[in-house]
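Have the 3D view open as you read.

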Amino acid sequence: MELEIALLGGDGIGPEVLEQSVKCLKAVEETFNHNFTYKEANFGAVAISNTGKPLPASTLDICRKADAILCGAIGAIEYDNNPSALIRPEQGLFQLRKDLELFACIRPVKVFPSITRNGILNNKSIAGTDLVIYRELTGGIYFGEKQISEDGTTATDLCTYTEKEISRVAHLAFKAAKNRKRKVTLVDKANVLATSRLWRRVVTEIAKSYADVKLECMYIDNATVQMMQNPAQFDVILTDNMFGDILSDQGSVIIGSVGLLPSASVGRDNAMFEPFHGSYPQAKGKNIANPVASILSTAMLLSHFDLKEESNAVVSAVRKSFHKKIVTTDIMGSSKYGTDYVGNFIANNIVDSDDLGNINDENIGLGKSTII
Ligand code: IPM
Ligand code: MN
C-alpha cells in the first residue's frame, strides 16, 4: 500500500517519540512491502516561534493532502504560565481538528497484563479492562463562543451541540460496539445540561437501529467513580468533547502511565494519530520519554487502513518489549533504557514479532508515574 503520512513533531518530547514511530513504520514498510512517504511540518509552539502561527497554512495543506497525520505533542511552559497569551499552541490543534473535521476521537484504554501495579488501583480491580472512549472532538464547550467582560470579572464559554454532531460520532461508537462487547455507555450530565439532554434523545433513538448493542446512560460524576472502581464494566464509552477529555486522562491511572495511551482522531476524509499525553517539556532531549503511546498510535493508523496484520505486528513488538522489560522509567523505575533504545527494540522486533513463546513472562511492577 502507498500511504503519505504527515509528521507533526510539535513541542517538547513530541519529535523524540515521533522519531521512534517512524522507525516502526519503516520496519512495517520493509517487512510487509509497503511504500510510505513522510512529510514533516511545523506545528505547535515551535511553529509559533518559526512562523507566528501554531498551524501555518503550509502545515494545514500538507495535513489535508496526506492520507494520515502522525502527531507528537504540543504545548510549552511559557504558554501554560501565561493565560493572557493571545496566540497559543493549542489553537493549532483545535484548528486542525475543526478544519479537517476530525469529529471523533477514539481512545482505547486496555490493560497490559504484563505490567502490574502497586499503586492506588490494585491489579484485581483493573484486571480485564478493555474499554474505548469515543470522544466528540469538534463541538461543545471547546468550540463555543467565549467572552470576557470588559472589566475582566465575568467570563462565558458557550456549550452547543447539534443533532448531526451527536449522531455522526454516536454511529461510530455503536458500530465499534458491534464488534466488541456490544455495550455503549453514554456519559453525560443530563440532570443539569440541555446539551446532555439532547445527547440522550439522539443517542437513544440511534440505539434502536443497533438492536444487538445495549445502551446505558451514566452521569459524568458517577462515571469517574465507576471508572476507578470497576473499569472492566465498560466497553464503549460515548461522550462529549469536555467529558471525553477528562475521562480519557483518567484512563492513564488504570493503565499505569499516560505514556502508554494512543489515540485516533477521525473524520470523513482525514485521520490523525497521536498519543494522549502532552509535550512533557521537562523531559525534552533527555531520552527518557516513553515512546509506546506514539508507537501504539501508529498501530491504530495501520488498522485504520485495514492493515491488521501490520498493526498486530506493532502491538506484539510492544508487548515483547514489556515481557523483556525493555521499558522506560515510567514503567519500571529501575530501568536503564531510554526512548531511543526502547524504540529501536520495538522497531527491530516488528520483523519477527510473534515469537512471544520463549519470553520470560515475569511481570513488571510500575515505576513512578510520569507527569506528561
Ligand atoms: C487532548 C489534550 C488537548 C485537549 C489539549 C492539549 C488542548 O488534552 O487531546 O486530550 O484538551 O483536547
Ligand atoms: Mn486531554
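## The sheet and its edges

Let's start with strand E1 (residues 2–10), which pairs with E2 in the parallel sense over 6 bridges. Glutamate 2 sits opposite asparagine 35 in E2. Strands here are DSSP runs of at least two residues, helices are H or I runs of at least four, and both are numbered from the N terminus; two strands count as paired if DSSP finds at least two bridges between them. This is a predicted model, where local features need pLDDT of at least 70 and side-chain atom pairs count only at pLDDT 80 or more, while totals for chains, interfaces and linings use all residues. As for bookkeeping, residues are numbered from 1 along each chain as its sequence is written, chains are lettered from A and ligands numbered from 1 in the order in which they are written, and side-chain values use heavy atoms, with hydrogens and water left out.

Zooming out, 10 strands make up an open sheet with mixed pairing, in the order E2-E1-E3-E13-E12-E4-E6-E11-E9-E10. Strand E2 (35–40) and strand E10 (214–219) are the edges, each with a single partner strand, so one side of each has no neighbour in the sheet. On average, neighbouring strands are turned by 25 degrees against each other, direction ignored.

## Helices on the sheet

Helix H3 (residues 57–65) packs on the sheet and touches E1, E2 and strand E3 (68–73). The direction of H3 makes about 145 degrees with that of E1. Elsewhere, H9 lies across E9, E10 and E11, running at about 105 degrees to E10. Contact means heavy atoms within 4.5 Å; the axes are lines fitted to C-alpha atoms, for helices over the stretch in contact, and angles run from 0 to 180 degrees between N-to-C directions.

## Nonpolar cores

Which residues have the most contacts inside the largest nonpolar core? They're Tyr134, Leu238, Phe322 and Ile346, in a core of 88 residues. Domain 1 (1–105 + 262–372) and domain 2 (120–255) both give residues to this core, so it lies between them; the domain bounds come from an automatic or database assignment. A core here is a set of buried Ala, Val, Leu, Ile, Met, Phe, Trp, Tyr and Cys residues joined through side-chain atoms within 4.5 Å.

Leaving aside neighbours within four places in sequence, tyrosine 134 has contacts that include Cys105, Val169, Leu172 and Leu238. There's also a second, separate core of 16 residues, with Leu93, Leu96, Leu102 and Met272 among them.

## Salt bridges

The count comes to 15 salt bridges, each a side-chain nitrogen of Lys or Arg within 4 Å of a carboxyl oxygen of Asp or Glu. Asp130, Arg180 and Asp235 are linked in a network. Aspartate 130 and arginine 180 have their closest N and O atoms 3.5 Å apart. Aspartate 130 is in strand E6 (residues 130–136) and arginine 180 in the loop between helix H7 (163–178) and strand E9 (183–188), so the pair ties together parts 50 residues apart in sequence. Arginine 180 also bridges to aspartate 235, at 2.8 Å. Aspartate 235 is buried at 1% relative accessible area, while arginine 180 is partly exposed at 27% (buried is under 20%, exposed over 50%, partly exposed in between, with a 1.4 Å probe and protein chains only).

Aspartate 221 and lysine 189 form another salt bridge, 2.9 Å from N to O. Aspartate 221 is in helix H9 and lysine 189 in the loop between E9 and helix H8 (194–207), 32 residues apart.
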